[in-house]
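Hi,

Here is the structure I promised to pass on. Please have a look at it first, and my notes follow below.

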Amino acid sequence: MCNQIIKLNPEEVGSFVEAASRCDFDIDISNVSRAEKIVDAKSFLGVMGLNFRENLKVSYNGSNGRFEELLEAKRA
C-alpha cells in the first residue's frame, strides 16, 4: 500500500478525480486528522466533502505514472 500526503484546493478536485479515474486500482483519500472518513478518490462528490484546509492522505495499491506525477506535484 502506497501513501502520499498532498494538498488540494476545490478548483483542483476535477483534475484529481479525472486522473484517479484513469487508474485500474482502488484509491482512497482522507483528511490526515480525520482518518475515519475515507472516501473513494474517483468520486467527485466524495472528494469535495473533504476539508481542504488540511492535508490529505491518498492511499493506493497500484502504479500509474501520470497519477503519481500529479501526486508528486501536490505533495504537502
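Let me start with two phenylalanines: Phe16 and Phe67 are both buried, where buried means under 20% relative accessible area, exposed over 50% and partly exposed in between (1.4 Å probe, protein chains only).

Before I go on, a word on the source: this is a predicted model, so I kept to local features with pLDDT of at least 70 and to side-chain atom pairs at pLDDT 80 or more, while totals for chains, interfaces and linings use all residues. Residues are numbered from 1 along each chain as its sequence is written, and side-chain values use heavy atoms, with hydrogens and water left out.

**Aromatics**

There are 3 aromatic pairs in the structure (ring centres of Phe, Tyr and Trp, the last by its six-membered ring, within 6.5 Å; planes under 30 degrees apart are stacked, over 60 edge-to-face, the rest tilted). One of them joins Phe16 and Phe67 in a tilted arrangement, with 5.9 Å centre to centre and 50 degrees between the planes. Because Phe16 sits in helix 1 and Phe67 in helix 3, this pair ties together parts 51 residues apart in sequence. Helices (H or I, at least four residues) and strands (E, at least two) are DSSP runs, numbered from the N terminus. Phe16 and Phe67 also belong to one aromatic cluster with Phe25 and Tyr60.

Beyond four places in sequence, the contacts of Ile29 (heavy atoms within 4.5 Å) include Ile6, Phe16, Val47 and Val58.

**Phe44**

Phe44 belongs to helix 2 (residues 44-48) and is partly exposed, at 43% relative accessibility.

**Cysteines**

How many disulfides did the search of the whole structure find? The count is 0, with a disulfide taken as a pair of cysteine sulfur atoms within 2.5 Å. The closest cysteine sulfur to that of Cys2 is in Cys23, 11 Å away, which is too far for a bond. Cys2 is partly exposed at 34% relative accessible area, whereas Cys23 is buried at 5%.

Best wishes
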